[in-house]
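Hi everyone, thanks for coming. I'd like to walk you through a couple of spots in this structure, so let's bring it up on the screen.

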Amino acid sequence: MIDKNKIGIIVDEDFTTKNVPPYPYPTFLSYETPLRIKAVLNYLEKTDVFKNERIIKIEPITVEEDIIYLAHTKYLVNSIKSLSGRGAGLLGDEVFITEDTFDLAKKAVGASITSINNVINNEVNQSFALIRPPGHHALREKSSGLCIFNNVANSIIFLREELQYTKKIAIIDIDAHFGDGLVQYFYDDPSVLYFSIHEYDFVEGEIGFIDEIGTGEGLGKSINFPIPLNSTDNDFLETIEILEPVLREFKPEFIIIAAGFDMYYADPIGNCLLTSFSYYKFTEKLLKIAEDICEGKMVFILEGGYSLIGLPVCIHSVIKALLKERYERPLFECVDFSADAKKSEIYKIKSALKNLLVTYWDSIV
Ligand SMILES: [Zn+2]
């Protein structure tokens, strides 16, 4: 029996102190910092979120190296471990390694598995894993884009192979960047729906276009909704018009949200103009759908989001929506972005996407 009231937040102090980027001034690599989680936890404390009787803090389980091998090559895992052992290193242009990286990335996978286990075992109804480093760019054989191990993919493969969990799972990836690593694990898998909303910039290996809809038995089960740069709250929320019918038809057992918040207007890496209101409304809508199709079971796993002001308020807005409490945007967010800045472009993308998906989904007309 599900405890309908409980929301688990997976918290570990190590995420607030370890894997400090070794850069004295801002660069792309310096934004993935322990301050991200520290700022979020401070804000949730100050806003009394943890005093709410429906919220429970949960410690992550520890996973051993062999669990990481489920999703990654031994060569990659050993490379990260070896560089961490030496105290520092760089993997390509977008991944820094410190002495903590290997252990913290392993812990992020453990926390991600914990957040899912708690929901599927009915200990909580929703959960939020406040983890770093993020994961959705990591490929089986390559860490990439500030991501070390693919937390979401690793957790799903763990469910499949270690727990013999065969039920359908939906992933909704709302990070500003395309989950070029995550999508590839399940591209031919009809039991996993991958729905990505991302910036239309395609820096991620030139993939993430609308016509990439899966392959083999997975055809139709990968859906990309790219949105233009400078999209606003209203633009972002238009994506629900495709997401909702597909989710209702797919009927997953639970929903994972690869929760990146770098479409926030003040994010130093993303290029959209969202406020925390987007994430509140999106979660509110998704919760309603989840309650109809999968007893409200939702798991949020943190991906990107690099504004130390934006990330806390966005995560707070998500939790407020899960609590079904009213949410008011902080005053500093009352910025004057035109409400429907990219409306006509969004409509074009939506209609092209419908044309592609109509073959695979009865609910798309
Ligand atoms: Zn991102």
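Let's start with His 316: buried or exposed? It has 21 other C-beta atoms within 10 Å, and 20 or more is the cut-off, so His 316 counts as buried. Please keep in mind that this is a predicted model. You'll find His 316 in helix 10, which covers residues 310-322. Setting aside neighbours within four places in sequence, His 316 is in contact with Tyr 43, Leu 44, Thr 47 and Val 49. As for Tyr 279, it sits 37 residues from His 316 in sequence, and the two are 9.4 Å apart in space, C-alpha to C-alpha.

Now over to helix 8, residues 240-250. Which of its residues are buried? They are Ile 242, Leu 243, Leu 247 and Phe 250. Looking down the axis of helix 8, these buried residues fall within an arc of 115°, so they line one face of the helix. As a reminder, an α-helix has 3.6 residues a turn, so residues three or four places apart point the same way. The buried residues of helix 8 pack against several elements, including strand 6, strand 7 and helix 11.

Helix 9 is another of those partners. The axes of helix 8 and helix 9 come within 10 Å and cross at roughly 15°, which means the two helices are roughly parallel. The crossing is right-handed. From helix 8, Ile 240, Glu 244, Leu 247 and Arg 248 meet Lys 285, Ile 289 and Ile 293 in helix 9. By class, that contact has 4 nonpolar, no polar and 3 charged residues.

Finally, Lys 251 follows helix 8, with a positive phi near 50°.

Notes
Residues are numbered from 1 along each chain as its sequence is written. This is a predicted model: local features need pLDDT of at least 70, side-chain atom pairs count only at pLDDT 80 or more; totals for chains, interfaces and linings use all residues. A residue is buried if 20 or more other C-beta atoms lie within 10 Å of its own, exposed if 12 or fewer, and partly exposed in between; C-beta atoms are placed from the backbone. Helices (H or I, at least four residues) and strands (E, at least two) are DSSP runs, numbered from the N terminus. The arc is that of the directions from the helix axis to the C-beta atoms. Two residues are in contact if their C-beta atoms, placed from the backbone, lie within 7 Å. Axes are lines fitted to C-alpha atoms, for helices over the stretch in contact, and angles run from 0 to 180 degrees between N-to-C directions. Angles under 35 degrees count as roughly parallel, over 145 as roughly antiparallel, 65 to 115 as roughly perpendicular and the rest as oblique. A crossing is left-handed if the near helix is turned anticlockwise from the far one by less than a right angle, and right-handed if clockwise. Ala, Val, Leu, Ile, Met, Phe, Trp, Tyr, Cys and Pro count as nonpolar, Asp, Glu, Lys and Arg as charged, and the others, Gly among them, as polar.
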